[in-house]
Amino acid sequence: MQQIRITVNGEPQEVEPGTTVAALIERLGLAGQPCAAEVNKALVPKRDHPSRELAEGDTVELVTLVGGG
Amino acid sequence: MTSAKTSTPPAAEPGLDPLALAGRTWNSRLIVGTGKYESYETMQRALDASGAEVVTVAVRRERLINKEGRSLLEFIDTDRYTILPNTAGCFSAEDAVRVARLGREILEQLNNPGAGWVKVEVLHDKKTLLPDPVGTIEATRELVADGFKVLAYTSDDPASAVKIKEAGAASVMPAGSPIGSGQGVLNRNNILLCLELLKEGDAAYPVIVDAGVGSASDVSVAMEIGADGVLLNTAIAHAKDPVMMAHAMRHACIAGRQSYLAGRIPKRLYATASSPWEGAISYIPGE
């Protein structure tokens, strides 16, 4: 099946159609870590990660906490 | 028989009144950042030495390539510290709102009481890191409507400070001087005006001096003129000995608060002798 093109943290990525936010996080090795996700500038709460499917052209941000003032 | 000379040391340190902020009370009036440390181990020891109960963090992209093996959160006891996420690096209200929501989402996952509050920073430019007051007000208003407790970083401009409070901020946090500049409180008068206007008819409204601290005495100055707390990062993280400096900051914050509560003497042009003139056996000129 044709892959869909998305942008994750500023980098282009290709994923299977129907890939969910949870699957993407899993694939990137971030599962189980504190991580928040945004698709097209809108927060996707953790409870929705397993159901939210990504679409062609989606821009995803996956963020965590780092040192800051 | 008791003598007037008899005294016992004070049982408890006086003047350590708790800080009421964002619906909770805190024993420490120092809030410290977690950025710019040479190692997480040093940061951990410095946070401990500072006595802070609230620590700030930033929200950033996960590194998908060349991932570091260790993350900040492995070194912060989330049962001990309340984490205050910031919106550092945002130059628009829109981005600050996004970042605040992402920060809340992570803190909810961590079950940390910091979920739902945010240190709002909407910056004007990268060189000065001075705040954009209009963007700060917009972000504050939107985040308050979304249920956030907003602690807003701002300049020492009293008029902006009042507008940010009116937008619903739980605390207004004027900068002593630019972020990371180490210049301390540059305009004492403006901080005094911020304090006066923000606390008018609302004495308990918390005002925190955020940014610019270079050394312990800067913290004392801010506290002594009536700030409710001080937020700092670089002055500890980049000190030669960050852990020692964290101790110094803790003491300076307490000293400044006590000095404020104790009430300073007025400044005078001329000297006033501490020893009595009466009974002096010396020749006193002019008498």
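**Exercise 1. Name the buried residues of helix α6 of chain B, and find what covers them.**

Step 1. A residue is buried if 20 or more other C-beta atoms lie within 10 Å of its own, exposed if 12 or fewer, and partly exposed in between; the C-beta atoms are placed from the backbone. Helices (H or I, at least four residues) and strands (E, at least two) are DSSP runs, numbered from the N terminus.

Step 2. List the residues. In α6(B), the buried ones are B:Ala216, B:Asp218, B:Val219, B:Ser220, B:Val221, B:Ala222, B:Met223 and B:Glu224. That is eight of the nine residues, and the helix is mostly covered.

Step 3. Find the cover. It includes β9 (208–210), β10 and α8 of chain B. Contact here means that the C-beta atoms of two residues, placed from the backbone, lie within 7 Å.

Step 4. Look past the helix end. B:Gly226 follows α6(B), and its phi is positive, near 115°.

A note on the source: this is a predicted model, in which local features need pLDDT of at least 70, side-chain atom pairs count only at pLDDT 80 or more, and totals for chains, interfaces and linings use all residues. Residues are numbered from 1 along each chain as its sequence is written, while chains are lettered from A and ligands numbered from 1 in the order in which they are written.

**Exercise 2. Check the length of helix α8 of chain B, then describe its surroundings.**

Step 1. Work out the expected span. The rule is 1.5 Å times one less than the number of residues. For the 21 residues of α8(B), 242–262, that gives 30 Å.

Step 2. Compare. The end C-alpha atoms are 30 Å apart, which agrees.

Step 3. Pick out the buried residues. Among them are B:Pro242, B:Met245, B:Met249, B:Arg250, B:Cys253, B:Ile254 and B:Arg257.

Step 4. Name the packing partners. The buried residues of α8(B) pack against β3 (30–33), α1 (40–50), α6 (216–224), β10 (229–232) and α7 (234–237) of chain B.

Step 5. Look past the end. B:Gly263 follows α8(B), with a positive phi near 85°.

**Exercise 3. Describe the side of chain A that touches chain B.**

Step 1. Count the residues in contact. There are 22 in chain A and 29 in chain B.

Step 2. Find the elements. In chain A, β3 (36–39) and β5 (59–67) each supply at least two residues of this side. β5(A) gives the most, with seven residues.

Step 3. Sort by type. The side of chain A divides into twelve nonpolar, five polar and five charged residues. Here Ala, Val, Leu, Ile, Met, Phe, Trp, Tyr, Cys and Pro count as nonpolar, Asp, Glu, Lys and Arg as charged, and the others, Gly among them, as polar.

Step 4. Look for strand pairing. Two strands pair if DSSP finds at least two bridges between them. β5(A) pairs with β4 (residues 54–61) of chain B in the antiparallel sense, over five bridges. A:Val66 has B:Ala58 as its bridge partner in β4(B).

Step 5. Follow β4(B) into its own chain. It pairs with β3(B) in the parallel sense over three bridges. B:Gly33 has B:Thr56 as its bridge partner in β4(B). Six of the eight residues of β4(B) are buried, so this strand is largely enclosed by the rest of the structure.
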